[in-house]
Amino acid sequence: MTLTKFEQSGFILETSKGFRVAIDIATMTPLEKLENVSKVDLMVISHIHKDHFSPEHIAKLNPNVLILPEECDAVLHPNSLGLPVAASIAYGDTHPEVSAHSILSQEGFVYETGDVKISFFHVDHGPNISAPVDNYGFLIEADGKKIYFAGDMFYPSGMDVSGLEVDHVLIPVGTVYTFGPEEAFSFAKQFKAIKNLVPMHDRGNVEMTNAFAEMARKDFNVVVM
Ligand SMILES: [Zn+2]
Ligand SMILES: [Zn+2]
């Protein structure tokens, strides 16, 4: 299994059999950067914020299956909600360039295909966002490895991690809308065991990543990707 990081909270995971899963690659990644990136089989979107959800980026990555919150799917397929046309327009344009089959995320939903299993859980985005957002984290199991993606977590939330032994924990360190370095470090200590702790979502502030790495290296193998 390989894990490739993109800007903010974007990743592509590829299993040993070549099954490719994209996570949250969105507006902070220049579209041109995806020109030479091969199509993915599956894409998962944590929530509707632009740094995680971008129809243009989804179209470029061209997944067969897209798992996303209902409010994101409503942007892609406004008429699927059966809303009046005026309300559909308020949700924005349809995006016919996205041809993926949509599956809606839910708390406790588990998606399994071939050698990949993904469990979905709600994540608390905290008080500094403007509207309630349906926001998810994921536990991905592939090639006998476990990858925990915390999403935009502000307050410790989601599945109980105290018994969890994981290979990679992908954790936000950006402050304001998510954990900052200190909160991320303290949440990581709740896990039973973490092989690699990977900071993400520094909102382009590399100093934030460095501050986290310096602090967390005392207890963890921090991998800055
Ligand atoms: Zn967000
Ligand atoms: Zn975000």
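Modeller: Gladly! Let's start with the radius of gyration, which is taken over C-alpha atoms; the globule rule is 2.2 Å times the number of residues to the power 0.38. Keep in mind that this is a predicted model.

Biologist: What radius of gyration does the protein have, and what would a compact globule have with 225 residues?

Modeller: The protein has 17 Å, and a compact globule of 225 residues would be near 17 Å, so the two agree. Its C-alpha atoms fill a box of roughly 55 × 40 × 35 Å along the principal axes. Inside, 40% of the 225 residues count as buried.

Biologist: How many helices and strands are there?

Modeller: The protein has 5 helices and 12 strands. Among contacts between residues at least 6 apart in sequence, 54% join residues at least 24 apart.

Biologist: How should I read the packing of H4 and H5: at what angle do they pack?

Modeller: Angles under 35 degrees count as roughly parallel, and 65 to 115 as roughly perpendicular. Helix H4 (residues 181-188) and helix H5 (residues 206-216) pack at about 40°, with their axes 9 Å apart, and are therefore oblique to each other. Their crossing is right-handed.

Biologist: Which residues make the contact?

Modeller: H4 contributes Pro181, Ala184, Phe185 and Ala188, while H5 brings Met208, Ala211, Phe212, Met215 and Ala216. The contact residues divide into 9 nonpolar, no polar and no charged.

Biologist: And lysine 33: where does it lie?

Modeller: Lysine 33 sits in the loop between strand E3 (20-23) and strand E4 (42-44). With 14 other C-beta atoms within 10 Å, lysine 33 is partly exposed.

Terms used. Residues numbered from 1 in each chain as written. Chains lettered and ligands numbered in written order. Predicted model: local features only at pLDDT ≥ 70, side-chain atom pairs only at ≥ 80, totals over all residues. Helix = DSSP H or I, 4+ residues; strand = E, 2+ residues; numbered from the N terminus. Buried ≥ 20, exposed ≤ 12 C-beta atoms within 10 Å, placed from the backbone. Contact = placed C-beta atoms within 7 Å. Axes fitted to C-alpha atoms, helices over the stretch in contact; angles between N-to-C directions. Parallel < 35°, antiparallel > 145°, perpendicular 65-115°, else oblique. Left-handed = near helix turned anticlockwise from the far one by under 90°. Nonpolar A, V, L, I, M, F, W, Y, C, P; charged D, E, K, R; others polar.
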